[in-house]
Amino acid sequence: MENAVSLANVTKTFGATRAVDGLTLTIPRGRTVALLGPNGAGKSTAIGMLLGLFPPDSGTVSLFGRDPEQAVRHGRVGAMPQEGGIITRVTVRELLSFVSRTYREPLPLDRLLALAQLTGLRDRRVDRLSGGQAQRVRFAMAIAGDPELIVLDEPTAALDVEARRELWASMRGFAERGRTILFSTHYLEEADEQADRVIVINRGRVAADGTSAEIKREVAMTTVSVTVGGEAAWLGRLPGVTRMEVAGDRARLHSSDPDATVMALARAGAVRDIEVTPADLEDAFVALTATGPLAKENA
Ligand SMILES: Nc1ncnc2c1ncn2[C@@H]1O[C@H](COP(=O)(O)OP(=O)(O)OP(=O)(O)O)[C@@H](O)[C@H]1O
């Protein structure tokens, strides 16, 4: 079965900015995948190309083995752009039934309202909705044609915790139908919690790709902190240490093999206030998107 999404060595330049720089990734059907990256990493540009909004300068983009434009035209893809007004002065039901009529095989309206948790709001005017409710209307518009893939550019960016939770409950309902979800986010926690797989993008390329557990392992960002008196440079050469920060008399060692690092510290008698902190996704993300040596290694 062909992949839902496939990008092969895709580049896109705007003026002097290379927004996407040799991006290669595939997403099989039925997955929920997060595109995670800092501001300007190239997420929106990648999404724009895979929705067929503009072509890449080089490389190929395909959705279900076809040209993106074709896949979109055949109703296999639903999109929720970062912004985008919705018509006001109509009720939720009027808006969604209008959108549904533009598709050949739309979801039944009741089903659509239920999936987006809008049943109780169906007679509410769209301009009287809260931000979170309006976002669920946008989500309902994206899935009205019952697409196989939905692409959401920072769907929860402006939402509070509760509204985010509700939107995710709706999205999970859609994913349970075997559908593919690709969403971009700045929120590590959201990627960690919601996605089966996290693709970290930095400077237009894939910096890491895997489950959040794999990414944490890959960057091996366990930190070993220790108090040192005097010169600290030698700590950077201990087994497992990939990076080190020194603040006052405290050294923070990032280690890919914390056991070996701790043993070496013990052998050297440098165990004052030793503290081992396991990796978290925040650390992994910072490491992957920093301009330090690790980022270069992963680039
Ligand atoms: N139409 C455009 N014209 C000029 N530069 C652009 C255009 N679109 C994007 N860029 C630049 O390309 C780079 C990637 O931008 P993009 O919007 O894809 O990143 P992003 O990861 O989606 O960021 P954000 O999280 O802030 O939305 C940025 O440097 C941006 O300024």
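So, helix 5, residues 131–143, and helix 6, residues 161–175: their axes come within 9 Å and cross at roughly 15°. Helices here are DSSP runs of H or I, at least four residues, and strands are E runs of at least two, numbered from the N terminus. The axes are lines fitted to C-alpha atoms, for helices over the stretch in contact, with angles from 0 to 180 degrees between N-to-C directions. Angles under 35 degrees count as roughly parallel, and therefore helix 5 and helix 6 are roughly parallel to each other.

Before I go on, this is a predicted model: local features need pLDDT of at least 70, side-chain atom pairs count only at pLDDT 80 or more, and totals for chains, interfaces and linings use all residues. Residues are numbered from 1 along each chain as its sequence is written.

Which residues meet? From helix 5 we have G131, G132, Q135, R136, F139 and I143, and from helix 6 A163, E166, L167, S170 and F174, with contact meaning C-beta atoms, placed from the backbone, within 7 Å. That contact splits into 5 nonpolar, 4 polar and 2 charged residues; Gly goes with the polar ones.

Now the ligand. Around the ligand sit F14, G15, T17, A19, G37, N39, G40, A41, G42, K43, S44 and T45, where near means a C-beta, placed from the backbone, within 6 Å. Helix 1 gives the most to that shell, with 3 residues. By class, the shell has 3 nonpolar, 8 polar and 1 charged.

Conventions: Parallel < 35°, antiparallel > 145°, perpendicular 65-115°, else oblique. Contact = placed C-beta atoms within 7 Å.
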